Structures are given as structure tokens and as C-alpha cells.
Amino acid sequence: KINKTAKTQTQKTMASVLGPSSSHDDNAAPSSSPSNSVPVPSSLLREREVVRSAGRDAIGTFLDEHTCYSVLRASGKVVVFDTRIPIQLAFYALVEHDMQAAPLWDPASCQFVGLLTVTDFIDVLRYYRRTRSDVSALAKRSIADILSDPDILSTVLVRHLPAGVRAKADRLAPTRPDGERIELHPPANHHRTFLSADANATLKHACRLLHGHSLDFLPVLLPDDMRVLSVITYTTVLEHLVTHFREQRRLFDDTAHDLGIGTYGPDVVTVRSSQTLAEVLHALHASGLSAVPVVDDEDKVVGVYSRSDITFLAAATDAEDAVANLDASLESLMAQRRTDVTTPDALHTCKRGSTLQSIFEYFAQWKFNRLIVTDER
């Protein structure tokens with residue numbers, strides 16, 4: 001059963017090295033560890049903090065020594081959209097090329113102006129369903145047209161911080177070990193703001209951009225000609241870390257829970273497989289989440305659902321059929337899961353007592369985006 005806990009995420013794992021309490025985003029803010037009824041000797045507490053500090057410093061040094069260029073694959077591709085093309089065509093191009101996001105190029109200003117994601121198109125379909133608009137018009141509406149529609153921008157495309165993130169950031173005033181405050185900005189509107197990293201920028205700088213602006217994707221550019229080399233995520237950085245990071249000392253034997261990584265208690269959001277897709281997508285959007293654990297009537301975890309799941313679109317014959325599929329039950333759609341790169345992660349779980357070291361090792365094997373923390377039953 002879900003232990004009133006949700007995800008231990010790769011984003012939170014990476015963000016934790018940026019400061020004592022800098023972890024945040026998907027499925028709410030991490031809570032502090034419960035106090036132990038047995039007093040812990042002060043010498044042991046000091047020793048534990050020394051080890052934790054050494055662990056943060058070791059990973060921080062690694063991120064400082066490696067650049068964004070170092071995480072790029074030897075061979076890959078980048079999709080870039082002209083803002084004048086139809087948004088429906090852009091979505092199918094993302095699926096065709098197995099991409100989750102693509103930079104947007106405005107030919108009028110000759111610059112990149114934002115990102116388009118698979119989730120954006122799904123949210124636009126939600127808008128058409130809610131307003132009962134003629135969804136067939138999407139075939140002719142350009143990306144620029146959709147992203148300049150004030151009603152769409154102010155409703156389904158608004159980005160929300162997960163519950164408790166802002167309050168926790170303000171309460172604990174996270175700082176770096178050198179005393180510099182870690183700024184937590186409102187979620188960046190990636191539809192109208194193009195945030196990117198220079199290929200020569202450090203991975204720590206990239207993580208700060210992802211974390212500080214609540215970004216899911218970060219384009220990496222060549223500084224000389226503004227060419228997009230790749231679009232990276234926290235998972236990209238963590239995959240590079242577990243592949244190349246070497247440390248002889250045992251610095252990561254603390255549990256993720258004790259380190260404040262993950263979401264616990266009442267902040268956890270779950271959905272039931274009997275709910276409709278429209279209800280689940282609304283809950284994800286309103287809560288500022290990218291994915292959510294799916295539970296049965298006994299609160300036993302039976303799966304995980306991601307906002308980027310395109311199963312209901314793959315089963316549709318046209319846009320009208322896709323909107324109609326939003327009323328299907330989550331259970332029926334999860335049984336039709338696709339197997340390409342746009343498929344949400346399979347269910348991966350860990351326990352409250354799982355150490356950060358074991359999570360690193362598990363990630364090295366499975367390359368997941370999130371873990372659901374469960375109890376022993």
C-alpha cells in the first residue's frame with residue numbers, strides 16, 4: 001500500500017545537492033523527517049552531518065566539473081518548430097520523432113521564443129472539451145495562434161507549483177553552503193519564455209535553471225550560432241552522474257526520507273483507476289504534477305499515470321475522437337499502454353528506508369523518472 005508517500009524523484013535527488021532544502025516540484029514538497037523518540041547523541045549527529053555535507057560537496061564538485069556538452073549523446077536529433085505551422089501537425093511530429101518537447105522558432109523575430117511539449121497539446125484538447133469548441137479547427141490553428149490565445153494561456157496552459165513548495169522554500173530560506181540564497185521563481189511559462197543553457201555551462205548551472213524555474217526541459221545551445229544541440233532533463237543529468245561519478249567513501253547511506261527527498265504525508269496526491277482521464281488530467285494540472293500514483297479501493301498502488309501519456313490519442317481516429325476519449329476510464333486506457341518513448345514510466349517502487357545509494361544503483365539499472373514510496377505490505 002502507499003505509505004502516505006509518493007515519489008522519490010530524480011529531480012529532487014539532483015536538487016538536493018544544491019542546498020539543504022532545495023528539492024521541489026512534481027508531487028509536492030518534501031517534508032522533514034519525523035523526530036525519533038530515542039535521543040541521538042550529539043556526536044553522532046555531528047558525524048552524520050559531516051558525511052551528508054561531504055556527499056553534497058562530492059556531487060556538487062562533479063556537477064561543477066562537467067558541462068552540458070558532456071551529457072549529449074554521440075548521435076541524436078533535435079526537432080525545432082516554426083511557430084507558423086499547425087499545432088496538430090507539430091504534435092504528430094513530436095510523436096513521429098519520439099520527442100517530448102521541441103523549441104519554438106519565431107521567423108518574425110528570428111529567435112527562439114519557447115517550447116512546445118506533448119503535454120501542451122493534451123491540455124489544449126482539454127480546453128476544447130471544456131469549452132465545447134469545434135476541435136476540428138485545431139487542424140488549421142498554428143502554434144503561434146494557440147499560444148497567443150489569452151483564454152487558453154490563462155486556463156489549461158497555466159503552470160502551478162506543487163502544494164507546499166513555496167511555503168517550504170519561504171520557511172526554510174534555502175541557501176547554498178557558501179551562503180548564497182537559492183532563488184525559487186514562479187514556474188516559467190515555457191510557451192513564451194525560452195530559457196536555455198550554453199553547451200559550455202556546468203551541469204550545476206543547468207540544474208539550477210531546471211530547479212529554480214520549475215522546468216521540465218532545458219535546451220542546450222551552441223553559443224556561437226544559437227544552434228540547439230539537445231533538450232535535457234533531470235533524468236539526463238542523473239544518468240550521466242550514475243555512469244561517471246566515482247566515490248570510494250560511503251557517503252550516501254542515509255535514506256531519501258531522512259534527507260528530505262520526496263513527498264510524504266498529506267501532500268501526496270493519488271487517483272483511482274475508476275476515474276475518467278479528464279478528471280485525472282485536471283487533478284495533475286491543478287496540483288502542478290507531471291505524474292501521479294494510481295491506487296485501488298484499498299489504497300494499494302497499481303500503477304502510475306503521467307500527463308504525457310498519449311494512449312488516448314493513439315487510440316483515436318481524429319481530433320473529435322481524441323476529445324471523446326477523455327471521458328474513458330483510466331483503467332481502460334492503462335490496459336492499452338503504448339511501448340514507445342512517449343509512454344509514461346512503468347511502476348517502480350522503493351521503501352521509506354531505501355538509501356540514496358540503493359536508489360542510485362536502481363536508477364543505473366532501470367533509468368526511471370520517479371519512484372513510488374510504499375510500505376511493507
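## Close-up views of a predicted model

**Figure 1. The salt bridge between Arg227 and Asp225.** Let us begin with Arg227, which is partly exposed, its relative accessible area being 48%. This is a predicted model, and in it Arg227 pairs with Asp225 in a salt bridge whose closest N and O atoms are 2.7 Å apart.

Figure 2. The chain has 377 residues, and buried residues make up 50% of them. If we take contacts between residues at least 6 apart in sequence, 69% of them join residues at least 24 apart. A search of the whole structure turns up 14 salt bridges and 0 disulfides.

Figure 3. Arg159 and Asp216 form a salt bridge here, with 3.9 Å between the closest N and O atoms. Arg159 sits in the loop between helix H6 (150-153) and helix H7 (165-172), while Asp216 sits in the loop between helix H8 (203-212) and strand S6 (218-221), so the pair ties together parts that are 57 residues apart in sequence. How exposed is each partner? Arg159 is partly exposed at a relative accessible area of 23%, and Asp216 is partly exposed at 32%.

**Figure 4. A buried salt bridge and a charged network.** In this view the side chains of Arg141 and Asp149 come together in a salt bridge, at 3.2 Å from N to O. Are these two residues buried or exposed? Both Arg141 and Asp149 are buried. For another arrangement, turn to Asp123, Arg126 and Arg307, which are linked in a network of salt bridges.

**Figure 5. The largest nonpolar core and the surroundings of Tyr305.** This core has 49 residues, and those with the most contacts inside it are Phe81, Leu125, Leu138, Tyr305 and Leu313. Helix H4 (residues 118-131) is the element that gives the most to this core, with 7 residues. A second, separate core has 40 residues, among them Ala58, Leu72, Ile232 and Leu251. Zoom in on Tyr305 and leave aside residues up to four places away in sequence: its contacts include Leu277, Val280, Leu281 and Leu284. Tyr305 also touches Ser290, Ala291, Val292 and Val294, as well as Leu330, Met334 and Arg337.

**Figure 6. Ala314 and Arg337.** Ala314 belongs to helix H11 (residues 311-314). With a relative accessible area of 41%, Ala314 is partly exposed. Follow the chain from Ala314 to Arg337 and you cover 23 residues in sequence, yet the C-alpha atoms of the two are 9.5 Å apart in space. Arg337 is also one of the residues that Tyr305 touches.

**Figure 7. Thr374 and its polar contact.** Thr374 lies in strand S12 (residues 370-374). Its side chain makes a polar contact with the side chain of Lys351, at 3.2 Å. Thr374 counts as buried because its relative accessibility is 9%, and the cut-off for that class is under 20%.

Figure 8. Cys207 is buried, with a relative accessible area of 0%. Cys350 is buried as well, and its relative accessible area is 8%.

**Figure 9. Two residues with positive phi.** Which backbone angle stands out at Cys110? Cys110 is not a glycine, although its phi is positive, at about 55 degrees. Cys110 is located in the loop between strand S3 (101-106) and strand S4 (111-117), and it is exposed, with a relative accessible area of 54%. Arg132, also a residue other than glycine, has a positive phi near 55 degrees. Look for Arg132 in the loop between H4 and helix H5 (143-147). At 78% relative accessibility, Arg132 counts as exposed.

Note on methods: Residues are numbered from 1 along each chain as its sequence is written. This is a predicted model: local features need pLDDT of at least 70, side-chain atom pairs count only at pLDDT 80 or more; totals for chains, interfaces and linings use all residues. Side-chain values use heavy atoms; hydrogens and water are left out. Helices (H or I, at least four residues) and strands (E, at least two) are DSSP runs, numbered from the N terminus. Buried means under 20% relative accessible area, exposed over 50%, partly exposed in between (1.4 Å probe, protein chains only). A polar contact is a pair of N or O atoms within 3.5 Å; within protein, one must be able to donate a hydrogen and the other to accept it, and residues adjacent in sequence count only if both atoms are side-chain atoms. A nonpolar core is a set of buried Ala, Val, Leu, Ile, Met, Phe, Trp, Tyr and Cys residues joined through side-chain atoms within 4.5 Å. Contact means heavy atoms within 4.5 Å. A disulfide is a pair of cysteine sulfur atoms within 2.5 Å. A salt bridge is a side-chain nitrogen of Lys or Arg within 4 Å of a carboxyl oxygen of Asp or Glu.
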